[in-house]
Structure formats: structure tokens, C-alpha cells
Amino acid sequence: MVLIQSAPSMAQRVRLAFSRRARQYDAAASLQRAVAWRLARHCRDLALPPGPRADLGAGTGLLSKALEQQRPGCTLLRLDACEALLKQGARQERAGVAEPLDSAPQRLWDLNNGLPEDLGGAALLVSSFALHWLEDPAASLRQWCDALAPGGWLGLAVPTAGSFPQWRQAAAAAGVPCTALALPELPRLLAVAAPRLELRLCSPLRYSRSGTSGGALLRPMGTVGAGTTDAAPLGVGEWRKLEAHWPQDRCGHKHLSWEVLLLIGRRPPKEPKR
């Protein structure tokens, strides 16, 4: 009998890639760290109702730590499907502490399966650079909005489909496939959030890096484990064509840009009975 093994799912491949890079993640995730601190700053003064507080797709806890430092006493449950990232985050929180330190609460959880029941009626759900890895980002966002308590808040940062215009331009000019991850469309996310939340902040931000080559600009994604896509990998010749057609500025520098949606919204509180 010949056993035929099914190919790993996208979620499994993503989890494996991040697991392999867990130890290097925080050192290489400069963009993710910057966005996490920016989102945390916008969330530090929110008036929260009673209820659970959680960081969805927390990874090593960049967002959780940023918010807990800026908002003392606000501890968040870390949820992630990658055990290696959660453990790495816990190790970093314990490192260098003379007195015993209780680890921040964390739970191994695949957000493709929805939210845990005990997060219903949440006071605060935050997530940074995680929603785009899920099978149906719009459906997951809908679940997150609906899980909030009346008066509860959602804080979200997610790269969207307006990212990587230089990469797409180079691929089109070179006649090779663009192997970038398919990111969620900004209008579709807003169509989910706007009817459900009172939006306090809704801003597509632009982040850009420059370098001497397209390959060098893409390398950090692989370093943190964020290089998984459904596209077939390019061959050596295709990569050379892509590099040759990557647009550059007058100084000979090449660039790679991200479009990141920063969204903060509150579920409308219930009106008092008359």
C-alpha cells in the first residue's frame, strides 16, 4: 500500500515558517515593532468597559508589551497558533529579571477557527500584522467586531493590497509572476468594520524601505518567517529578470512600500432603557 501524504495547508506552512524563525523574529521585525508601538499609543487612553482583553495573533508579544508599557495595569491575553513565537516572547519577558516573574497569559489558538468562547463580550481586542495570514480576513474581522462588548474597542493594524507596488511593477515589466502574498483589500475590510464600529481612527499608512536591490528589500520578510505565499517560487532566471526591472530613483536606490491600515473602533454602547 502506498500512502499519499496531502500537502500542508497554507496555515500549516505559515506556522512552520514562523516557528523556524522565532528566535530571530524580534531582532529583525523593525517594521512590525514600529507599527505595534504606534497602535499601542493610540489605544493607551481608551475608556474600556469590563471584559476580557486580548492580543490576537500576538506572536512574541510586540503589541502586547507596547500597550502594557504604555498602559500599566492593562494585561492582555496573547493568542497565537505558533507555539514557538509565544514561548520566545515569554522567554524574553523573563530574561534579565532578578525576581521571579509570572509569564503573561497566553494561549495556543488558531484564529482560523474563530475566537475562544471566553473572549465573548471583550473589552479590548488588538491585533497587529496577523489578520492578513488568516484564510478569510474579512470574515475574521467580522467575528472580532461582533465579539466586543457594548463600548468595547478593537485596535487593528494590517498590511493591505496597496502594498508592494514596486514589486508588482517589476514583475509586470519582467514578465514573471509576482509571488507576493495576496493581502486583503482595504475597501472590503472597511465595509466590514464601518457598520459595526464607531471609528475613532481609520488611516491607511505608508511605510517604505530603500536598498541597493529588490532581493535585499525582500530578505527581511524571510528572516522573520513572513515569506510564505501560495505562489510557486521563481527560478534563478526569473529572479534576475525581476531584479533588472525593479524601479529605482535618480540616486539608483530601489524601494519597497507597505500600505498598512490602522483602525481603532468602538462597538456602540447600548442605549439606556427609557
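**Pocket, cavity and confidence**

The second largest pocket holds about 260 Å³ of space. Its lining is made up of 16 residues, and those closest to the pocket centre are H132, L134, E135, P137 and A182. Two or more lining residues are contributed by each of α6 (137–147) and α8 (186–193).

How many cavities of 30 Å³ or more does the model have? The count comes to 1. The largest cavity has a volume of about 40 Å³. Around the largest cavity we find G59, T60, G61, R78, L86, G89, A90, E93, A104 and Q106. Helix α5, spanning residues 83–94, supplies the largest share of that lining, with 4 residues. By class, the lining of the largest cavity comprises 3 nonpolar, 5 polar and 2 charged residues.

Finally, a word on confidence. The chain has a mean pLDDT of 93, and 93% of its residues reach 70 or more. Residues 97–101, however, have pLDDT below 50, and this stretch makes 2 contacts in the model beyond near neighbours in sequence. Where pLDDT is low, predicted coordinates should not be read in detail. I would therefore ask that this caution about low-pLDDT coordinates be kept in mind during our discussion. Thank you.

Terms used
Residues are numbered from 1 along each chain as its sequence is written. This is a predicted model: local features need pLDDT of at least 70, side-chain atom pairs count only at pLDDT 80 or more; totals for chains, interfaces and linings use all residues. Side-chain values use heavy atoms; hydrogens and water are left out. On a 1 Å grid over the protein atoms alone, a cavity is a set of points where a 1.4 Å probe fits but cannot get out, and a pocket is an open set with protein on both sides within 12 Å along at least five of seven lines; lining residues have an atom within 4 Å of a point. Grid points are joined across faces, edges and corners, and a volume is the space filled by probe spheres set on the points. Ala, Val, Leu, Ile, Met, Phe, Trp, Tyr, Cys and Pro count as nonpolar, Asp, Glu, Lys and Arg as charged, and the others, Gly among them, as polar. pLDDT is the predictor's confidence in each residue, from 0 to 100. Contact means heavy atoms within 4.5 Å.
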